[in-house]
Amino acid sequence: MKRTARILILISVIMGCKKPYNPPPVAGDGSYLVVEGVINSGADSTIIKLSRTVNISSKITTNPVSGATLTVESDQNAIYPLTEITAGKYGAPGLNLDASHQYRLRIKTLDDKQYLSDFVPVNITPPIDSVGYNIVSVPDTGLQIYVNTHNSNSSTRYYRWEYSETWRFHAAYFSLFISNGSSIVERQPNQWRFFCFASDSSSDIVLASSAKLQNNIIYQNPLTVISSTSEKVELQYSMLLREYALTPDAYTFWTNLKKNTEQLGSIFDAEPSQIKGNIHNVNNPNEPVIGYISACTVQSKRIFISRNNLPDLWKPAYPYTCQIDSDGSQGPGFLIPQPNDFVPMSGSTYTSSICADCTLRGTQTVPPYWIY
C-alpha cells in the first residue's frame, strides 16, 4: 500500500512539473531526394514522382525534381524509359513485365547524380473484393470507408492502399443574376455557378497484413473516416481505391514511415526510428534517399456513395461564414460574385464571392466516370 502511494506521489510530481518546450524550426541545408511510386508490372501505367525535402520553416511546400532521366531495368538488362509528364512526375505506359524476373529503378538527375533501387521481385496483387462503409459515432459521427480483399494462394500477405476522392457539392447560395458592368442582368444557364466537383488524394499511409492470420483475408480494413458535417457527403461522393501487394521489407519500410509521420506526438506513441528505403546514391551510399520502390500489379475499384443512403439528420457545414445583405457589405458580389466593381441596383441582395460561386473551389466539368 505504501509502495502504491509512493508511485502515485511520483506520478503527481511528474505531471505537475511539466514545462512547455518550443523547439526552434529546423533550418538545415539538407535537401534529400524523395522517390514515390511503384513499378507497375501490368498493363497500367507506371508513375514515379521525384521531389526534394523542404524545411518546415520554408514557404515552399513542394519541391519537384524536373529534367531527370528515369529507366526501369530488369535483371536481364532490359530497359524501359520513363518520360516526364509534368514537373517531377515521370511515367511510362503499361510495361507488361515478366513476373519471373526482378526489376529496379535508375535515376539520373540534372546535376549528374545517379540513384539505383535494389532489384525487387514482382508481386501479384489480388483483386479487391469490395469497398464498403459503416456509419460510426466514435470518436465522431461520420462515414468509415473500408476495404475487403483476400488471396487464395497466399503468395502475398502484405498490402498497401492509396485512394483518390471526388465529390459533388454546391455553393451556399444560388444566384440568378450577375452584373454586366453597368447593370444587373439575369444569368444564362451556362453562367450558373451552383454545382461543382472537387477532388483530393489520400495522405495517410494505409497498410494491413495477414501474416499472423491463418487465412489470407483482410476484412473491413479502415481506409478513412469522413465527418458527417463534411461537404464530401453533401450530395454524392466517389472513391477510387488502388491496392498494392508488398514484400515483407517493403511493408516494414511503410510501417516505419507511418509511425514516424502519423503516430508521433504523445508519450504513448512509438519512438522515432530510422527509415531505410531501398534507393541509393551510386557514388555516395551515405546520402539519405527517402522512398521504397516495389514492383507489382495494381488493382483498383471505385465506389459511389449517394446522400440518399446516409442519415437524414446529417447536416454538412459550409466551410465559410456566409450571409446575405441588402447593402453589399458582405463583399463585392450580389447574389453571385462579381470580382470587379459594379453599379448596385435597388432591391438587390448581396453575398461574398466564395459563398455564391462554386468554381472558386471546384470545377463544373463532370468527371468522365461520374454516375448520378
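**Entry 1**

I began with Val206, which lies in strand E16 (residues 206-209); strands (E, at least two residues) and helices (H or I, at least four) are DSSP runs numbered from the N terminus. The model is a predicted one, where local features need pLDDT of at least 70, side-chain atom pairs count only at pLDDT 80 or more, and totals for chains, interfaces and linings use all residues. Residues are numbered from 1 along each chain as its sequence is written, and side-chain values use heavy atoms, with hydrogens and water left out.

I looked up the exposure of Val206 and found a relative accessible area of 6%, so Val206 is buried. The classes are buried under 20% relative accessible area, exposed over 50% and partly exposed in between, with a 1.4 Å probe and protein chains only. I then checked Val206 against Arg160: the two are 46 residues apart in sequence, and their C-alpha atoms are 5.7 Å apart in space. Arg160 is buried too, at 5% relative accessible area.

**Entry 2: salt bridges**

I found six salt bridges in the structure, taking a salt bridge as a side-chain nitrogen of Lys or Arg within 4 Å of a carboxyl oxygen of Asp or Glu.

Arg160 is paired with Glu162, at 2.9 Å from N to O. Glu162 is partly exposed, because its relative accessibility is 26%.

Lys232 bridges to Glu165, with 3.0 Å between the closest N and O atoms. This pair links distant parts of the chain, 67 residues apart: Lys232 sits in the loop between strand E17 (217-227) and E18, and Glu165 in strand E12. I noted Lys232 as buried at 18% relative accessible area and Glu165 as buried at 4%.

Lys258 and Glu262 form another bridge, their closest N and O atoms being 2.8 Å apart. Both residues are in helix H2, four residues apart, or about one turn of the helix. Glu262 counts as partly exposed, at 29% relative accessibility.

I also noted a network of salt bridges that links Glu73, Arg104 and Arg106.

**Entry 3: the largest pocket**

I looked up the largest pocket next and read a volume of about 1600 Å³. A pocket here is an open set of points on a 1 Å grid over the protein atoms alone, with protein on both sides within 12 Å along at least five of seven lines; lining residues have an atom within 4 Å of a point. Grid points are joined across faces, edges and corners, and the volume is the space filled by probe spheres set on the points.

The lining holds 48 residues, and Glu36, Gly37, Lys49, Glu162 and Ser202 lie nearest the centre. Among the elements that each supply at least two lining residues are strand E1 (33-37), strand E12 (158-170), strand E18 (236-245) and helix H2 (248-262). Strand E3 gives the most, with seven residues.

By class I read 21 nonpolar, 17 polar and 10 charged residues in this lining. Ala, Val, Leu, Ile, Met, Phe, Trp, Tyr, Cys and Pro count as nonpolar, Asp, Glu, Lys and Arg as charged, and the others, Gly among them, as polar.

**Entry 4: the second largest pocket**

The second largest pocket has a volume of about 310 Å³. I read 13 lining residues for this pocket, with Ile275, Lys276, Gly277, Pro288 and Val289 nearest its centre. Strand E19 (279-281) and strand E20 (289-290) are the elements that give two or more residues to this lining. The classes are seven nonpolar, four polar and two charged.

**Entry 5: a surface patch**

I found a nonpolar surface patch made of Phe174, Leu176, Phe177 and Trp192, with about 350 Å² of accessible area together. Patch residues have over 30% relative accessible area and no salt bridge, and nonpolar side chains are joined within 5 Å; the areas come from the Shrake-Rupley method with a 1.4 Å probe. Trp192 is in the loop between strand E14 (184-186) and strand E15 (195-201), and is partly exposed at 36%.

**Entry 6: backbone**

I noted a cis peptide bond from Val138 to Pro139, with omega near -5°. Pro139 is in the loop between strand E10 (128-136) and strand E11 (142-150).

Asn77 has a positive phi, near 70°, and lies in the loop between strand E4 (69-74) and strand E5 (79-86). At 69% relative accessibility, Asn77 is exposed. Asn96 also has a positive phi, about 50°. I placed Asn96 in the loop between strand E6 (89-92) and strand E7 (102-108), where Asn96 is exposed at 54%.

Conventions
1 Å grid on protein atoms, 1.4 Å probe; cavity = no way out; pocket = protein on both sides within 12 Å on 5 of 7 lines; lining within 4 Å. Patch = residues over 30% accessible without salt bridge, like charges linked within 9 Å, V, L, I, M, F, W, Y side chains within 5 Å.
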